[in-house]
Amino acid sequence: MNLASWKNLIKPTYILIAILLIGAGFRLWGLGTAEIFHDEGFYAFRSIGYIDYLQNADQTTPMQWFYKSLVPSWTKLSFHAHPPLFFLIQHAFTSLFGDSLFVVRLPSVLAGLIAIWFIYLITKKVFENSELAGLLAAALLAINHIHIWISRSSLMESTLIALILLNIYMFLCFLEDRKKYWLWLGLTLGLAFLTKYTAAFLVPAYLIFLAFSNREIFKEKWIYLATTISATIFSPVLFYNYNLY
């Protein structure tokens, strides 16, 4: 095999595919065999039927509050303790493929692989288009035992991490071309909020960064359009919580 052939074999795309396959192997191996644990059971139960219910007298839900009457339609917009996106994703998977441990954990696996891909893209962009830096970051995340564990669990953090990384990448793209990426910035931020409220840390992080590095951006319409899109996507949860209150 000549030198040119070796160069074709070690193209960054092939290396990234290999990293993703390794990451998939760690996350898929025996996925449906490990015993379900505490929050996994709660999330899976609520996702399969898309029903906001916990058999807990100390943490009641709308299903119990409206026991003697029809449950209002707005209660389907969110859940009393969490936003709805993770439950919607799991509900879609169980509706399509049936309810099993493997199926309820599969969305987390896919989110974990998406996270590996976007940590590659983010790192590559931050380090001035360095393929080596991007591939190293992806490889480290692919074999990181904490991320492997969360990617094998029926918990919303795997989806949250993937959407946070996706939004950070869109933010970096937005800084380069605001007209092209404002919609994607707002969309991905809204989806992160719909997954778990802790995604809110992104907003002050972005504002502080922009205040020190690019204040002129606040004079442009694009950041406000992105904010509007994000708020619109999150608005069902706001409406739910208004009625809940």
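Read along the sequence, the protein chain in this predicted model runs α-α-α-α-α-α-α-α-α-α-α-α. That pattern goes with a count of 12 helices and 0 strands. The C-alpha trace spans about 75 × 55 × 25 Å along its principal axes. Of the 245 residues in the chain, 43% are buried.

Helix H7 is a handy place to start looking around. H7 covers residues 131-142, which gives it 12 residues. From its first C-alpha to its last it reaches 16 Å, close to the 16 Å expected at 1.5 Å a residue. Quite a few of its residues are tucked away: Ala-133, Gly-134, Leu-135, Ala-137, Ala-138, Leu-141 and Ala-142 are buried. What covers them includes helix H2 (12-28), helix H6 (101-126) and helix H8 (145-151).

Of these covering helices, H2 can be followed in more detail. The axes of H2 and H7 lie 9 Å apart, and the two helices pack at an angle of about 10°. Since angles under 35 degrees count as roughly parallel, H2 is therefore roughly parallel to H7. On the H2 side, the residues that meet H7 are Pro-12, Ile-15, Leu-16, Ile-19, Gly-23, Phe-26 and Arg-27. Their partners in H7 are Glu-131, Leu-135, Ala-138, Ala-139, Leu-141 and Ala-142. Leu-135, Ala-138, Leu-141 and Ala-142 are also among the buried residues of H7.

H6 turns up again in a second pairing, this time with helix H9 (residues 156-176). Here the axes come within 8 Å and cross at roughly 25°, so H6 is roughly parallel to H9 as well. The crossing of this pair is left-handed. The list of residues in H6 that meet H9 includes Ser-108, Ala-111, Gly-112, Phe-118, Lys-125 and Val-126. In H9, the residues that meet H6 include Ser-158, Thr-159, Leu-165, Tyr-169, Cys-173 and Glu-176.

Ala-44 has a relative accessible area of 7% and so is buried, the cut-off being under 20%. Leaving out residues up to four places away in sequence, Ala-44 touches Gln-90 and Val-104. Val-104 is 60 residues from Ala-44 in sequence, yet their C-alpha atoms are 6.4 Å apart in space. Arg-46 counts as buried because its relative accessibility is 3%. Beyond its neighbours within four places in sequence, Arg-46 is in contact with Ile-51, Asp-52, Tyr-53 and Leu-54, and also with Phe-79, His-80, His-82 and Phe-87.

A further arginine, Arg-178, belongs to helix H10 (residues 178-195). With a relative accessible area of 19%, Arg-178 falls under the 20% cut-off and therefore counts as buried. Its side chain reaches the backbone oxygen of Leu-175 at 3.3 Å. Setting aside neighbours within four places in sequence, Arg-178 is in contact with Asn-214, Ile-217, Glu-220 and Trp-222.

Key:
Residues are numbered from 1 along each chain as its sequence is written. This is a predicted model: local features need pLDDT of at least 70, side-chain atom pairs count only at pLDDT 80 or more; totals for chains, interfaces and linings use all residues. Side-chain values use heavy atoms; hydrogens and water are left out. Helices (H or I, at least four residues) and strands (E, at least two) are DSSP runs, numbered from the N terminus. Buried means under 20% relative accessible area, exposed over 50%, partly exposed in between (1.4 Å probe, protein chains only). A polar contact is a pair of N or O atoms within 3.5 Å; within protein, one must be able to donate a hydrogen and the other to accept it, and residues adjacent in sequence count only if both atoms are side-chain atoms. Contact means heavy atoms within 4.5 Å. The expected span of a helix is 1.5 Å times one less than its number of residues. Axes are lines fitted to C-alpha atoms, for helices over the stretch in contact, and angles run from 0 to 180 degrees between N-to-C directions. Angles under 35 degrees count as roughly parallel, over 145 as roughly antiparallel, 65 to 115 as roughly perpendicular and the rest as oblique. A crossing is left-handed if the near helix is turned anticlockwise from the far one by less than a right angle, and right-handed if clockwise.
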